[in-house]
Amino acid sequence: MYIYLYDNFLKQKRYDATIKAMETRLTDFGIAGKIVRLQTFTDPKEVILQELARGASSIVIVGNDKTFGYVLSQSATSAATFGFLPVGDGNTIAHVLGIPVGVDACDVLSRRRKVKLDVGWFNNRYFISQLHIPPSEIVVEYDEQFQVSPRYGKMELVVCNLQPFFWNDSKQKKIIVHPQDGKLEAFLRPAIGRSILREKFEEPSIFPFEEMVVSGKEAFPVEADGKVSKEIKIKIRLAKKKVEMIVGKERKF
Amino acid sequence: MFTKKPSDPTSYVAPETQLERREEDTVETVVGPSMNVEGDFVSEGNVVVKGTVAGSVKTNKSLTIEQGAKVIASVRAANVVVSGQVKGNIRAKEKLEITSSAQILGDMQCSVLMIEAGALIQGKVEMAGIQIDVPKGERKSNSLRSKIARVGKPDEESVSSEQITEMI
């Protein structure tokens, strides 16, 4: 049995046609199921656990990167197979997973090509897409082997799991991050000044890692899958093969 | 009649093309220009150093030390390209390339060595596979010459001119 978790933004009129077409396609494939609409205060973990107890086998997230991160970060430990139907703007993870945006995603879902995904873990919380620390005075220790610090001032840290980190270097080379390479990728950018509108950054340093400790003399903000908290020391680790996911043939890993 | 089992959709094996693509896209480890790395820096992929590294650097693939980078560490990699400053021993399993802007203070070990004009180096170079056969006659005359040379030195035990003629 399939359970479809619809994000709240899909109520907007401009998505009506896409959603209708998707539902028709899913019915044609014989994989239509119960629809649950996620409201602001809905706990996705609770919903998923209830539905699994009622006999559901597959949980399908319908929405964008935000929906995907929000649902999976809270329910990564549940024993369900997850699917994803990307709709609308802000869909970068779908591209990594090889799932086309819109109605064609139903074809991928029907094929049920399953892969176990690695997820990030920090201070007893999972994160699926990205962890972000805005420019702060931090020191990073990798795999208990070496320490990285900026020569001067603050630095920004981005840890990528599924969401790609877009950055063009001087040769306009794009860097693509793979969720299934058995490592997390950390991008460190030291802040070297400030322009009128925003901070200026140096080209990033990239370190693939399995475990890292980030510490600061003062508390620094940490944003993981849209949730912000203040921490003084965090341990980031890779939880290998934690989530079973239906992916497309064109996936990037 | 219907004995043929349908293929399991879950048992998916990645085709060769996908494996190849994975190889191509591997993210490199990059140490940025204003970054300090301290400790044992171990990596499995290609490493590019633009900042400062102190301790040791090890990788199974290639290591590039760019111009302006400072490495105060022992270095071990399959291929090493040096354009910056290195203080420490370099051990390249295959090729060691030293460009004109490089400054190296330490011993080097490699199979293939390339040095551009202008590079500053102070250290010993060791390369495996040297086979220089010395012909027999040359070996004899060499030993004789060394004995004669010893005669000329005042500190060594004295050898008379008669002994020399005997030797000849």
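Select T59(B) first: apart from residues up to four places away in sequence, T59(B) touches S43(B), E44(B), G45(B), V47(B), R76(B), A77(B) and A78(B), where contact means heavy atoms within 4.5 Å. The structure is a predicted model, in which local features need pLDDT of at least 70 and side-chain atom pairs count only at pLDDT 80 or more, while totals for chains, interfaces and linings use all residues. Residues are numbered from 1 along each chain as its sequence is written, chains are lettered from A and ligands numbered from 1 in the order in which they are written, and side-chain values use heavy atoms, with hydrogens and water left out.

**Stop 1: around T59(B)**

Display the strand that holds this residue. T59(B) is found in strand β4 of chain B, residues 52-59; helices (H or I, at least four residues) and strands (E, at least two) are DSSP runs, numbered from the N terminus. Is T59(B) buried or exposed? T59(B) counts as buried because its relative accessibility is 6%; buried means under 20% relative accessible area, exposed over 50%, and partly exposed in between, with a 1.4 Å probe and protein chains only.

Now show the side chain of T59(B). A polar atom of this side chain lies 2.5 Å from the backbone oxygen of G45(B). The side chain of T59(B) also reaches the backbone nitrogen of K61(B), at 3.2 Å. A polar contact is a pair of N or O atoms within 3.5 Å; within protein, one must be able to donate a hydrogen and the other to accept it, and residues adjacent in sequence count only if both atoms are side-chain atoms.

Next, colour the whole of chain B by secondary structure. Chain B has three helices and 13 strands. Of its 168 residues, 28% count as buried.

**Stop 2: the interface of the two chains**

Show both chains together. How many residues of chain A are in contact with chain B? There are 33 residues of chain A in contact with 27 residues of chain B. The size of an interface is often given as the accessible area lost when the parts come together. Here the area buried between chain A and chain B is about 2600 Å², and carbon and sulfur atoms give 50% of this area; buried area is the accessible area (1.4 Å probe) that two parts lose on being put together, summed over both. Select F146(A), R151(A) and I206(A): these residues supply 20% of the area that chain A buries against chain B, more than any other three residues.

Then look for charged partners. The rule finds one salt bridge across the interface of chain A and chain B, a salt bridge being a side-chain nitrogen of Lys or Arg within 4 Å of a carboxyl oxygen of Asp or Glu. Select K50(B) and E203(A), whose side chains meet in a salt bridge at 2.8 Å, N to O. Across the interface of chain A and chain B, ten residue pairs are in polar contact, both residues at pLDDT 80 or more.

Which strands of chain A each supply at least two residues of the side that touches chain B? They are β9 (146-150), β11 (184-194) and β13 (205-209). The largest share of that side, five residues, comes from β9(A). By class, the side of chain A that touches chain B has 14 nonpolar, five polar and 14 charged residues; Ala, Val, Leu, Ile, Met, Phe, Trp, Tyr, Cys and Pro count as nonpolar, Asp, Glu, Lys and Arg as charged, and the others, Gly among them, as polar.

**Stop 3: strands that pair**

Select β9(A) together with β2(B), residues 35-43. These strands pair in the antiparallel sense over five bridges; two strands pair if DSSP finds at least two bridges between them. F146(A) has G39(B), in β2(B), as its bridge partner.

Within chain A, move to β7 (residues 130-136). Five bridges join β7(A) to β10(A), residues 155-160, and the two run antiparallel. S136(A) stands opposite M155(A) in β10(A). Two bridges join β7(A) to β14(A), residues 211-224, again in the antiparallel sense. The bridge partner of L131(A) in β14(A) is A224(A).

**Stop 4**

Return to I206(A), which is placed in strand β13 of chain A. I206(A) counts as buried because its relative accessibility is 1%. Select A186(A) as well: the C-alpha atoms of I206(A) and A186(A) are separated by 5.7 Å, although these residues are 20 residues apart along the chain.

Finally, select N124(A), in the loop between β5 (114-122) and β6 (125-127) of chain A. The phi of N124(A) is near 65°, a positive value in a residue other than glycine. N124(A) counts as exposed because its relative accessibility is 69%. E144(A) lies in the loop between β8 (138-142) and β9 of chain A, and its phi is near 55°, also a positive value in a residue other than glycine. At 63% relative accessibility, E144(A) counts as exposed.
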